[in-house]
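The following exercises concern a single structure. Each task is followed by a solution that goes step by step.

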Amino acid sequence: MNRIIPLILAVALFMENMDSTVIATSLPAIAIDIHTSPIALKLALTAYLVSLAIFIPISGWMADRFGAKNVFRAAIAVFIAGSVACAFANSLPAFVVSRFLQGMGGAMMTPVGRLVLVRATPKSELVAAMSWLTVPALVGPLVGPPIGGFITTYFAWHWIFLINVPIGLAGIWLATRYLPETEPTETPPLDFPGFVLSGLAASGIVFGLSVVSLPALPPIAGFITVAVGLVCGTLYLLHARRAKNPLLALTLFRNQVFRSSVLGGSLFRIGIGAVPFLLPLMFQIGFGLTPFQSGMITFVSAIGAIGMKFVTALLFRLAGFRRVLIWGSLIAAGSIAIYGLFTPETPYALMLAILLVGGFIRSMFFTGVNALSYAEVSTADTSKATPIVAVFQQLSIALGVALAGGILEVSTSIHGGPLTLSDFHIAFFIVAAVSAIASVTFMRLAPDAGNAVSGHGKLTTPKTLETVGTAGK
């Protein structure tokens with residue numbers, strides 16, 4: 001496998017994933033500088049998510065129409081422009097608009113980058129390639145807060161965004177030189193009604209859930225927006241049945257393997273979306289640690305995610321998708337539940353070990369579920385599958401944060417006091433249970449599901465085993 005391709009894509013995705021979380025720790029400093037409140041500034045976080053929700057559905061059509069490589073480079077350029085605009089924003093409206101522009105670039109970078117990788121990689125090597133893309137998705141949310149706190153404390157918050165400029169320019173140059181050429185293909189006209197309805201549906205749900213869990217606006221506004229999003233989603237389903245070339249090809253869900261990977265992965269991401277929200281808060285509010293101390297502890301999960309990359313392909317080749325995803329989802333959900341047993345008296349070495357194993361298992365799970373999404377999708381349909389996968393990822397992560405925030409609010413309202421350690425414990429147990437439900441969707445897979453991708457069932461001789469042992473190195 002030409003590993004430079006997934007590495008180039010992983011750098012761009014890491015830039016986006018880290019940037020989307022690094023801002024969280026810097027909100028107070030930014031708010032003071034642009035003369036607003038941190039609560040109001042959280043609208044900038046929501047604006048980024050809304051932009052992703054609107055433009056991700058159109059990414060596959062754009063890649064086919066203008067060429068995936070061209071769109072990927074243009075997306076990095078838009079992301080750089082949004083980063084520079086954020087650094088020089090001097091008011092709340094300017095900052096919100098700048099984050100929306102960043103989101104437009106991010107909406108194309110993630111799915112189109114994955115599309116480039118899928119098209120450039122033989123299916124037999126897709127698990128190994130996907131492991132490189134899984135790392136930035138898991139590492140970014142964990143290293144973002146401590147890096148953001150360090151830059152804001154010792155430099156200035158503007159550098160959080162300006163460091164994207166050299167990274168992005170390097171990404172454009174590397175993509176130009178090393179990524180395979182992808183010629184534009186003949187595409188049907190843009191499904192504009194579908195674009196409007198899908199954009200309203202996804203952005204309404206994401207915005208509503210974000211407002212409910214991060215109350216920059218009254219919670220009722222969040223509930224109303226979610227309701228509007230659900231109505232538009234229903235209208236899109238009706239539209240997609242009649243449209244000749246719908247923007248999101250929901251017919252792909254007729255395939256059991258694709259359906260299980262998307263729905264099972266979404267259920268599990270609800271728990272994963274909640275962990276970066278709950279864990280730092282528990283360490284800071286429940287344990288009394290500083291943001292930097294909290295970030296240094298959660299960073300261990302990122303180390304586990306990186307370490308898993310070297311053995312993921314071998315595991316799926318030995319055991320197959322069905323078995324690994326069933327047990328992986330249950331063990332990973334169990335690791336989330338164990339977080340609910342942490343107390344200030346728990347030895348730090350034990351917590352670090354548990355976080356390391358949790359990151360290890362989650363990395364394996366996401367690598368597998370991402371590869372499985374394309375296991376039975378034809379090359380012609382990859383541009384249709386990619387935006388569907390990306391949309392469900394964003395919705396499930398937003399739902400995870402909203403669920404975690406809602407659990408904390410309900411728990412505090414029951415005992416009528418401020419947040420306590422037991423409130424966080426309850427939240428971890430509930431989101432772990434939701435994530436564990438994902439295993440049910442994988443139980444319905446056939447034992448040989450995705451074998452063309454994993455290579456499971458082909459280990460017949462010691463020589464083959466020896467070859468496999470070196471494949472993940």
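**Exercise 1.** Locate H425 and decide whether H425 is buried or exposed.

*Solution.* H425 belongs to helix α17 (residues 421–436); helices are DSSP runs of H or I with at least four residues, numbered from the N terminus. The relative accessible area of H425 is 14%. Buried means under 20%, exposed over 50% and partly exposed in between, with a 1.4 Å probe and protein chains only, so H425 is buried. Leaving out residues up to four places away in sequence, H425 touches M282, Y339, G340, L341, F342 and T343, where contact means heavy atoms within 4.5 Å.

The model is predicted: local features need pLDDT of at least 70, side-chain atom pairs count only at pLDDT 80 or more, and totals for chains, interfaces and linings use all residues. Residues are numbered from 1 along each chain as its sequence is written, and side-chain values use heavy atoms, without hydrogens and water.

**Exercise 2.** Determine how helices α5 and α9 are oriented.

*Solution.* The axes of α5 (residues 68–88) and α9 (residues 164–178) come within 9 Å and cross at roughly 170°. Axes are lines fitted to C-alpha atoms over the stretch in contact, with angles from 0 to 180 degrees between N-to-C directions. Angles over 145 degrees count as roughly antiparallel, so α5 is roughly antiparallel to α9. Among the residues making the contact are F72, I76 and I80 of α5 and V165, L169 and I172 of α9.

Notes: Helix = DSSP H or I, 4+ residues; strand = E, 2+ residues; numbered from the N terminus. Parallel < 35°, antiparallel > 145°, perpendicular 65-115°, else oblique.
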